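Colleague: Please take me through this model one element at a time. Give me the cut-off for each term when you use it.

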Amino acid sequence: RETYDRGFITSSTSSRSQKRMLFVRMLMQLLVLAPLGHGLRPSVDRMFSTGEYVLKRAREESFLRFDRLIKNDNDALSQLLQRKEKLMIEKDEWVCVTGATSGIGLEVGAELAKIGYRVVLCGRDMSKLKKAQENAPRSEIVCFDLESLESIAAGAAQIVDICSPAQLKGLVLNAGAWPILLDETEDGLELGLQANYVGQALLADRLISASEPKNMSIVTLSSIAHAGYLNKDLEPILQDPAWRNREFDPNESYAAVKLMAIFYARILASFYKIKAARAVHPGLVPSTELFRAFPDAATFIQTNIPDPLGLLSTPLYQAQSLSSAAQKWATNALESPQISNLLDAAGPLKSSNRAAREIIAILLDPALPKDGPFFCDAQITDPAPIVLNDDADFSLSNRLFQWTASLLDDCGFPLTVTMKNHNTTSSVEPLESSLS
């Protein structure tokens, strides 16, 4: 009965696969959730609501990779450059990359420089930025922290100065974090929400306002994890952005910010009227620092299992050292040319270099749609239903933009673009601050 009430059975639930998924979910609720209580229900619901979407994306990606392996095709960027047509951004122009000190961002900066672009590398660790600069000739570095709006505004001003008298033509909003514990920034926001969305929205606004929007191409990094957001709209996050009134759920939080990344690509195209805005799922890249907040097994045991006599301290220390060494070895192995080529061809993982080259291709390709489409494995892909439902009136995109503008205005960093810039009418009313 609860399954009916919560909308898991509808008139459209007719396919055999949907019924099987529904049956398994009901069985899980009966056998697992009933004895354990309601605490695990959101996680199980998210698993099944996301599962079918993710499996569909994985199936499509496997076919694409197999086809590419059979045909011995080059990656998306190589194919684009071989077409020898005018790109979205001319070579020798400036492109800015956030999160450029490791993983995908590091590779994006290096590859852009390699094919002839001038690059601004952004990060919060100056020593890592200097190291990244060694692999990106003709690049500049700007150090700021996405967890501080004041730092972001200062960083944006530095980027504008670096690109003068020319203007920034490209922006890759790559930086991201997945906090597993609730942490609040100095601006009063949940850390993941600010680092993944709000901070990058402020940065993009400042950079677009100092450039010519009609010449700007921007890529936002999303994830197929956005399908794990279960609510019908963004109100739970927008009304309580610091998670002060409910228990923090890191999975819901991460799914929400990756959903916002897709909506933000639409906002960029609609409100800012830039040349092109596109959202990208980069793939499962093992070398990224996205999971830096996740504890290893030894730390988890040490934190969650009582040990008043200290009997576990020595074996746990040894296990932790072994785990760190194994993780370092695995990362180096996965980034080696032999292993990464094998994974790129047919495996479930993707090297950071291939992910970076796909992102650059999407940033530069003039033939692709420019109004906020979602890409997976360098192909246009349907996002989750909550995004498709926004196609009719852009009500969720409008709501997110209005909330963002109101929030940043209350924090003392007003956006340079308002609802009046939108190309459709909106009945949205001004908001009171979500943090008041």
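Modeller: Two strands pair if DSSP finds at least two bridges between them. Helices (H or I, at least four residues) and strands (E, at least two) are DSSP runs, numbered from the N terminus. The model is predicted, so local features need pLDDT of at least 70 and side-chain atom pairs count only at pLDDT 80 or more, while totals for chains, interfaces and linings use all residues. Residues are numbered from 1 along each chain as its sequence is written, and side-chain values use heavy atoms, leaving out hydrogens and water.

Colleague: How many helices and strands are there in the protein chain?

Modeller: The protein chain has 436 residues, of which 48% count as buried. Buried means under 20% relative accessible area, exposed over 50% and partly exposed in between, with a 1.4 Å probe and protein chains only. The elements number 16 helices and eight strands.

Colleague: Which are the edge strands?

Modeller: Eight strands make an open sheet with mixed pairing, in the order E3-E2-E1-E4-E5-E6-E7-E8. An edge strand here pairs on one side only, which holds for E3 (139–143) and E8.

Colleague: Which residue in E2 is the bridge partner of Cys-96?

Modeller: E1 (residues 94–97) and E2 (residues 118–123) are parallel and joined by four bridges. Val-97 has Leu-121 in E2 as its partner. E2 is mostly covered, with five of its six residues buried. The partner of Cys-96 in E2 is Val-120.

Colleague: At about how many degrees does H8 run to E4?

Modeller: Contact means heavy atoms within 4.5 Å. Axes are lines fitted to C-alpha atoms, for helices over the stretch in contact, and angles run from 0 to 180 degrees between N-to-C directions. H8 (residues 191–209) lies across E1, E4 (168–173) and E5 (217–221), and its angle to E4 is about 175 degrees.

Colleague: What covers the buried residues of H5?

Modeller: Nine of the 12 residues of H5 are buried, so the helix is largely enclosed by the rest of the structure. Among the buried ones are Ile-104, Val-108, Glu-111 and Leu-112. Their cover includes E1, E2, E4 and H14 (352–364).

Colleague: Which residue stands opposite Ala-277 in E7?

Modeller: E6 (residues 276–281) and E7 run parallel, with four bridges between them. Five of the six residues of E7 (residues 371–376) are buried, so E7 is largely enclosed by the rest of the structure. Opposite Ala-277 is Asp-371.

Colleague: Near how many degrees is the positive phi of Asp-377?

Modeller: E7 pairs with E8 (residues 379–380) in the antiparallel sense over two bridges. Cys-376 has Gln-379 in E8 as its bridge partner. Two residues lie between the strands of this hairpin, and Asp-377 takes a positive phi near 55 degrees.

Colleague: Which residues in H10 meet H16?

Modeller: The axes of H10 (residues 250–270) and H16 (residues 395–410) come within 9 Å and cross at roughly 90 degrees. H10 is therefore roughly perpendicular to H16; angles under 35 degrees count as roughly parallel, over 145 as roughly antiparallel, 65 to 115 as roughly perpendicular and the rest as oblique. On the H16 side are Leu-396, Ser-397, Leu-400 and Phe-401, and they meet Met-260, Phe-263, Arg-266 and Ile-267.

Colleague: How many nonpolar residues has the contact of H8 with H16?

Modeller: The axes of H8 and H16 come within 11 Å and cross at roughly 80 degrees. H8 contributes Leu-193, Tyr-197, Val-198, Ala-201 and Leu-202, and H16 contributes Leu-400, Trp-403, Thr-404, Leu-407 and Leu-408. Ala, Val, Leu, Ile, Met, Phe, Trp, Tyr, Cys and Pro count as nonpolar, Asp, Glu, Lys and Arg as charged, and the others, Gly among them, as polar. By class there are no charged residues, one polar, and the nonpolar residues number nine.
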